[in-house]
Amino acid sequence: LSPGAAFISGSPLRVDGAQPIRVAVVAFRERTIWLTGFTDDMALVERSLEQLKPLGQTHLYDATIEMLYTLQTMPGRRALVVLSDGVNQGGDFEVEHVAHYARYSGVPLYPIIKNSLLAKLRRIPLARFDAERYARIAESAGASWFLIRKPAELESVYRQISDELRNQYTIRFRTESDGRDVWHSLGVSTSLKGVTLRAPRGYFP
């Protein structure tokens, strides 16, 4: 399947009979390029995804932080899916800034890294690559990350992301705060066997 068709095939148009999902397609090089606004027109989304072509330098970290900030200001359930080769080429921010802001925004980040060379090299006991460090930011936000070699794998990846988003639960709790804007660790567990929970590893008050 093409990238656009893979997304439409693997993603839900609605979640549990709720309002249609709204998607925005945003390309990025040295800056972000909005190919669509937020829309439930999946034909438009598919056409826009087909326009995506790798070209020029990519400021991956800057674009990620910009989109996390945009989504943070929006109501309702949100998620950011980033498809890239995992290579950051310039910009103002480093991977540590992305990790901090991903925690602060509370928006689940789903990195999809299409990089066949990295997929091979990560089997060797080398120091962790920045691309993998970027991808693993997802874990602290209660999301998943994916390392793929070819576009044919995209449909199953989108389907897994779709399944995770459909099976989200909201846990509300109250805690005392001393007013400081600092990270608080959080653990969520279950006694059910064979169940894997993905949850944020903490929160900012």
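## The main core

Which residues have the most contacts inside the largest nonpolar core? They are Leu80, Val82, Tyr134 and Ile137, in a core of 18 residues. A nonpolar core here is a set of buried Ala, Val, Leu, Ile, Met, Phe, Trp, Tyr and Cys residues joined through side-chain atoms within 4.5 Å, and buried means under 20% relative accessible area (1.4 Å probe, protein chains only). Two or more residues each come from α3 (60-72), β3 (80-84) and α4 (95-105), with α3 giving the most, seven residues. Helices (H or I, at least four residues) and strands (E, at least two) are DSSP runs, numbered from the N terminus.

Leaving aside neighbours within four places in sequence, Leu80 is in contact (heavy atoms within 4.5 Å) with residues including Met67, Leu71, Val107 and Tyr110. Apart from this core lies another, of 14 residues, among them Ile112 and Phe146.

## About the model

This is a predicted model, where local features need pLDDT of at least 70, side-chain atom pairs count only at pLDDT 80 or more, and totals for chains, interfaces and linings use all residues. Residues are numbered from 1 along each chain as its sequence is written, and side-chain values use heavy atoms, leaving out hydrogens and water.

## Two loop residues

Let's visit two loops. Thr39 sits between β2 (32-34) and α2 (42-50) and counts as buried because its relative accessibility is 14%. Beyond its neighbours within four places in sequence, Thr39 is in contact with Ile21, Arg22, Val23, Leu44 and Val45.

Val188 lies in the loop between β6 (184-185) and β7 (202-203). Its relative accessibility is 37%, so Val188 counts as partly exposed, a class that falls between buried and exposed (over 50%).
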